[in-house]
Amino acid sequence: MPTITMPELQFGEVFANIDLLLEACGLTLALWAVALAAGLSGGLLVGLARLSPRRWIAWPARGYVELFRNTPVLVQLIWFYYALPVVSGIQLPAFAAAALALSLNASAYCAEIYRGGIQSVAAGQWEAGRALGMGRLRLLRRIILPLAVRRMVPAFTNRAVELAKNTSVASIITVHELMYTARLFSSQNYIPMETFTVVAMIYFLLIYPFTLASYALERHFAAGRA
Amino acid sequence: MTVAGDVVLQVEDLHKSFGSTEVLKGIDLSVRRGERIAILGSSGSGKSTLLRCMNVLEMPTRGRLILDGEAVGKPAAGGATRYREAELNRLRARVGMVFQQFNLFPHMTALENVMEGPLSVLGRPKAEARRTAQRHLERVGLGGKADAHPARLSGGQQQRVAIARALAMDPEVLLFDEPTSSLDPELVGEVLGVINDLSEDGRTMLLVTHELGFAYHFATRILFLHEGRILEDGPPEQVLKSPREERTRRFLDRFTAFRF
């Protein structure tokens, strides 16, 4: 009876070089932070534009959202890195191209979260604010958004977690973030299984505290309502 | 301040349609300073719509509003009026509104709800807004509930906070849109009591209501609306006890059909 020999797992090798992977986390976190901040702020603008009664504002916003939501983020990155120079003559550095593509992608998703959140606020809240003489912007800032954001936290968390993992796509265009470094390391040492298992653990450790913080935020808002 | 008894708010040839349904079919109304007007009518008569047009929460299809002698908005084609947002905000800051569903801001405490208008619309300093808000809460009997969120208040208490919120703007005209219609019967009294107490301020008030008894005691003038028109307009004694129109009589009979 033939015996199947299991290849020996060489986690020792990976952990011996863990500093390489941990250093690469810096770029991963930077990409995540930039794209998330841009997504949350840009998404608000696009979301508000989507809700505008003026078609010339609402329609371009919708076109933007559909374009970025219905195409692969991988293609968007490749496009900003390789196609943009051909079309416009602007060659962005790899990190900038990745940050731009991920930011625009995150903005499109966040815009829809904002739109849904704002629409979920009861019409009576708008009326109460308007009846006090509040202008549209003040009403949004003081009443509507504070109420909407409370409901949007789970959706934003979902998006942010997805985005953290999407940063790995930047490895395709040579951004030396965690995934790029891991692929390089595994192909040099022929230990992909060990490397990517450790990488998954690192992603988990990066993302999970964020998730915990968002739960705390949800609890905070829930307590404020009482 | 102008002389008591002059016209504070005037409505001229007001029409309002929702799609092809014309809800208001030409309303002319002069509201004098200090008047307390109860607006009666069966559902669908347009009474709430009229009230909501008076602070342009509902955009009139035609006609115009004159507040303190100044026309609001600019005439546009077809007898309509165009309003700029800034102008509407100024109008609404002077014409307060209390809603049937209270519409308190749920993320703010009772005190913050009352402070919000003076703070963010009138630009009052925070300490002053807080002081006057507390005073208004005391006025509606809720001085002890300043730090409670709306979810922790009964319907009657919520409506009283909403009244304090409207009062905090010191409006020239205060509109009440069926303020007790969504309350449990045993909570109606406390809200009507608060509204009645406001009478002594001499503030101009318009009230859409189904509480005929309250309207009789509270109002200085009663309007009866039917199918988008003012059918009856006079002192409570006359409108409620000897209405001119058959329609009004039939409406009133429904309220007095069952007695014990």
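How much area do chain B and chain A bury between them? I began my notebook with that one, keeping in mind that this is a predicted model.

**Entry: the buried area**

I looked up the total and found that chain B and chain A bury about 2000 Å² between them. Carbon and sulfur atoms account for 56% of that area. I then asked which residues of chain B stand out, and Arg92(B), Phe105(B) and His107(B) supply 26% of the area that chain B buries against chain A, more than any other three residues. For the residue tally, I noted 27 residues from chain B and 21 residues from chain A in the contact.

**Entry: polar pairs across the contact**

Next I went through the polar side of things. Between chain B and chain A I have seven residue pairs in polar contact, both partners being at pLDDT 80 or more. The salt bridge count between these two chains is two. I looked at one of them, where the side chains of Glu116(B) and Arg142(A) meet at 2.6 Å, N to O.

**Entry: the side of chain B that touches chain A**

Which elements of chain B each supply at least two residues here? I wrote down α2 (85–94), β8 (95–98) and α3 (110–121) of chain B. Of the elements, α3(B) gives the most, with five residues. Sorted by class, this side of chain B has 14 nonpolar, seven polar and six charged residues.

**Entry: a helix pair**

I followed α3(B) across to its partner, helix α7 (residues 136–166) of chain A. The two axes come within 12 Å and cross at roughly 145°, and α7(A) passes α3(B) in a right-handed crossing. From α7(A), I listed Arg138(A), Arg142(A) and Ile143(A) as making the contact, and from α3(B), Glu116(B), Leu119(B), Ser120(B) and Val121(B). That helix contact has three nonpolar, one polar and three charged residues.

**Entry: a salt bridge inside chain A**

I picked out Arg62(A) with Glu66(A), whose closest N and O atoms are 3.4 Å apart. Why are these two about one helical turn apart? They are four residues apart in helix α3 (residues 55–69) of chain A, so about one helical turn separates them.

Notes. Residues are numbered from 1 along each chain as its sequence is written. Chains are lettered from A and ligands numbered from 1 in the order in which they are written. This is a predicted model: local features need pLDDT of at least 70, side-chain atom pairs count only at pLDDT 80 or more; totals for chains, interfaces and linings use all residues. Side-chain values use heavy atoms; hydrogens and water are left out. Contact means heavy atoms within 4.5 Å. Buried area is the accessible area (1.4 Å probe) that two parts lose on being put together, summed over both. A salt bridge is a side-chain nitrogen of Lys or Arg within 4 Å of a carboxyl oxygen of Asp or Glu. A polar contact is a pair of N or O atoms within 3.5 Å; within protein, one must be able to donate a hydrogen and the other to accept it, and residues adjacent in sequence count only if both atoms are side-chain atoms. Ala, Val, Leu, Ile, Met, Phe, Trp, Tyr, Cys and Pro count as nonpolar, Asp, Glu, Lys and Arg as charged, and the others, Gly among them, as polar. Axes are lines fitted to C-alpha atoms, for helices over the stretch in contact, and angles run from 0 to 180 degrees between N-to-C directions. A crossing is left-handed if the near helix is turned anticlockwise from the far one by less than a right angle, and right-handed if clockwise.
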